Amino acid sequence: MAEITISLPDGSQRSLPDGATAITLAESIGARLAKAAVAAVVNGDERDLGDSLPDGAQVAIITAGSDEGRHVLRHSTAHVLAQAVTQLFPGAKFSIGPAINDGFYYDFELPGGRTFAEADLEAIDARMREIMKADQPFVRAELPAAEALQVFADQPYKCEIIERVSSGAADSDDAGEIGSGETISVYRNTPEFVDLCRGPHVPSTGRLGHFKLMKVAGAYWRGNEKGPMLQRIYGTAWASKTELEEHLHRLEEAEKRDHRKLATELDLLSFPQELGGGLAVWHPKGGIVRKLMEDYSRERHEKGGYQFVYTPHLANANLFETSGHLGWYKDGMYPAMEMDNGTYYPKPMNCPMHCLIFGSRQRSYRELPLRLFELGTVYRYERAGTLHGLMRIRGFTQDDSHIYCTEDQLQDEIASLLDFVMSVLRAFGFHDFTANLSTKDPQKYTGSDENWDRATEALRLALEKYGLEYKIKEGDAAFYGPKIDIDVKDAIGRTWQLSTIQCDFNLPERFELEYVGADNARHRPIMLHRALFGSVERFFGVLVEHYAGAFPTWMAPVQARVLPVAEAHQGYAEQVVEQLRSAGLRADLVDANDQLGKRIRAAKLEKLPYVLVVGDDDVAHGTLGVNPRGGEVERGVALPEFIQRVQAEVASDLRS
RNA sequence: GCCCAGGUAGCUCAGUCGGUAGAGCAACGCACUCGUAAUGCGUAGGUCAGGAGUUCGAUUCUCCUCCUGGGCUCCA
């Protein structure tokens, strides 16, 4: 019997009988590997374990515990979901069902316009487990398009995909389903159930099982708002029971830090129904944190060479005609107020007003870069279904700056901006940054190609110079210019897009902004839009989730709570509070009406940085019992020493 | 805007197959005066999101509106 030779990732080689498959290879290496195997990479392509290996192939086994392996498990589980739904809902059409982060989904159209309810998930889950127990094989076949159309004759969405692929009009969505070769690949589980798929898949459904169906949702076919709305089922799937449980646990942990939940629990702010959707009121505790954020921002901007401006919340419609926003974003603006001297709108952005300030008098090149800064509150009529706590809100405040500079200054200005951005973000406890550079959308842009190229290059060079890791997002820029967005990673590893630096060729043109150059001629400035927090509200929401409500001492609403052990210590406790406050600390006192343990518990639930207990010993010696958040109790600390420690802690938090 | 699920006391929730509601915590009062995560007893608190309809009677059933949550789409 002939033999073939296979190369492994570690460079070693193995001889196997002709016709050997990846699973035979895995078995020859070790039983544990064979057990963990779900697919293989053969000469760079992902393949099924059951495929025979060509002689001389480079082969790597994909195991369930790897990212690629989980992807295979999830995709295979999606097929099982589709089979279960088509069994339970005869006549159901299925469209696409990819693996996604942490899981998978599948989109369906149910007969008679029926929709899924959460309660259906239980039956679907049970049926899926039966299918897995039946250990159905995943059998690959490759068909010519015409034949595939017959196989899926009663599946219009599948036919649409096949037609798009065979006519060469496939996009990335389709390719994920069936690849882009000459033939259409399908995977069959039973005589009845077959699905389009590029693969690879696990050998059989028995290999699956550590999954959970999470939720049902509507989703537009091919993401088209005008197209039909399909019924989507989301699930999560993992290589082992432990992995699945860990994932569910992570979700629970994330839920505990949800800023909307913590905003209520910690009395930070609320969204009264009486106000209308997407509008918040800030309570004193949230208010002090916000004030600290804003004060810090102002201080840094002042030192950073920014000039502070203020602009009104309303403007005549003419302004937004000039800026062009009324033309592009009218649907997203609060409606017009018709007055006897014209039509007014709440402002959806600050930039046009800053342009008015620039244009209010003749400008010299000596003034550039001119950096205007404002905590500017804007109103946008976000569509009802898009609102999300503080993260997507209708009234919000931007830490907005517009920088007018010459082309020569652009690159340095951006580089120093990056420096400024990271430095400020570090003060708020973020240390892991990545960037995105968004480039021109050829379908939708204004300004000359030359300007776009130069500005994009300036942004790119600034990123390189700063040494920040970045990805290019082709075509993701706003219509008026390229931009850099900064993503930060939070305490539990989620990324948030926060800061943005955007070039704008549009507004200087529309507002006919000019400065007089050294050559005594008039020139058009380049305008940069930039925000560090983005929106103060959203940034606050991200901070709440990042810190899980336990704000660092410098921004905690109450830094220290003084608790007298008994009524006899009330007077001393009051003196302590007095001294803490004169030292600039935010302190309060809860008197001895309740038991000490109860008052400590309450303070801990409020996540205060320090609880200070004072009793007989302390009255006698001028000391405190210090109970720090997440630390050990320390008795007999002298008051001045405590103050000094906290001040040092605050100073060190803010050193960035 | 679209699909699904919701809205009951300040908070977290239970409940009513149609006869106007209950718990825990919080609040308030009294007693306890306590050294590091829940003392005991008592009191008060609700147009059951809002409106319309069906009904002898609606918090419960139907419809509409508002708001919230999960998605889709969108995000200057």
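Into how many nonpolar, polar and charged residues does the lining of the second largest pocket divide? The lining holds nine nonpolar, seven polar and eight charged residues, where Ala, Val, Leu, Ile, Met, Phe, Trp, Tyr, Cys and Pro count as nonpolar, Asp, Glu, Lys and Arg as charged, and the others, Gly among them, as polar.

This is a predicted model, in which local features need pLDDT of at least 70 and side-chain atom pairs count only at pLDDT 80 or more, while totals for chains, interfaces and linings use all residues. Residues are numbered from 1 along each chain as its sequence is written, chains are lettered from A and ligands numbered from 1 in the order in which they are written, and side-chain values use heavy atoms, with hydrogens and water left out.

**Pockets and cavities**

Rolling a probe the size of a water molecule over the atoms shows where empty space is left. On a 1 Å grid over the protein atoms alone, a cavity is a set of points where a 1.4 Å probe fits but cannot get out, and a pocket is an open set with protein on both sides within 12 Å along at least five of seven lines; lining residues have an atom within 4 Å of a point. Grid points are joined across faces, edges and corners, and a volume is the space filled by probe spheres set on the points.

| Space | Volume | Residues nearest the centre, among the lining |
|---|---|---|
| Largest pocket | about 1,300 Å³ | R380, E382, F396, Q398 and Q502, of 37 residues |
| Second largest pocket | about 860 Å³ | N101, D102, W238, H247 and L251, of 24 residues |
| Largest cavity | about 120 Å³ | L266, K285, P557, E606 and L608, of 13 residues |

Helices (H or I, at least four residues) and strands (E, at least two) are DSSP runs, numbered from the N terminus. Among the elements that give two or more residues to the lining of the largest pocket are β21 (395-405) and β25 (495-504), but β28 gives the most, with six residues. By class, the lining of the largest pocket has 15 nonpolar, eleven polar and eleven charged residues. For the second largest pocket, the elements that supply at least two residues include α3 (67-88), β12 and β13, and α8 gives the most, with five residues.

The whole structure has three cavities of 30 Å³ or more. In the largest cavity the lining divides into eight nonpolar, one polar and four charged residues. The second largest cavity, of about 60 Å³, is lined by L73, T77, R207, L208, G209, H210, A237, W238 and A239.

**The surface near RNA strand B**

A residue is near a strand if one of its heavy atoms lies within 4 Å of it. Around RNA strand B there are 58 residues, of which Y220, Q595, R601, G615 and D616 come nearest, and they divide into 21 nonpolar, 21 polar and 16 charged. Several elements each supply at least two residues of this surface, including β12 (211-220), β13 (229-237) and α20 (616-621), while α19 gives the most, with seven residues.

For E225, a polar side-chain atom lies 2.8 Å from a sugar or linking oxygen of RNA strand B.

**Packing inside the protein**

D107 belongs to strand β8, and its side chain makes a polar contact of 2.6 Å with that of R232. D107 counts as buried because its relative accessibility is 2%, buried meaning under 20% relative accessible area, exposed over 50% and partly exposed in between (1.4 Å probe, protein chains only).

Rings of Phe, Tyr and Trp (its six-membered ring) pair if their centres lie within 6.5 Å; planes under 30 degrees apart count as stacked, over 60 as edge-to-face and the rest as tilted. The structure holds 26 aromatic pairs, and one of them is the edge-to-face pair of Y610 and F642, at 5.2 Å centre to centre with 85° between the planes. This pair links distant parts of the chain, since Y610 is in strand β31 and F642 in helix α21, 32 residues apart. Y610 is buried at 14% relative accessible area, and F642 is buried at 1%. Separately, F89, F94, Y106, F108, F116 and F193 form one aromatic cluster.

How values were computed: Polar contact = N/O pair within 3.5 Å; in protein donor to acceptor, adjacent residues only side chain to side chain.
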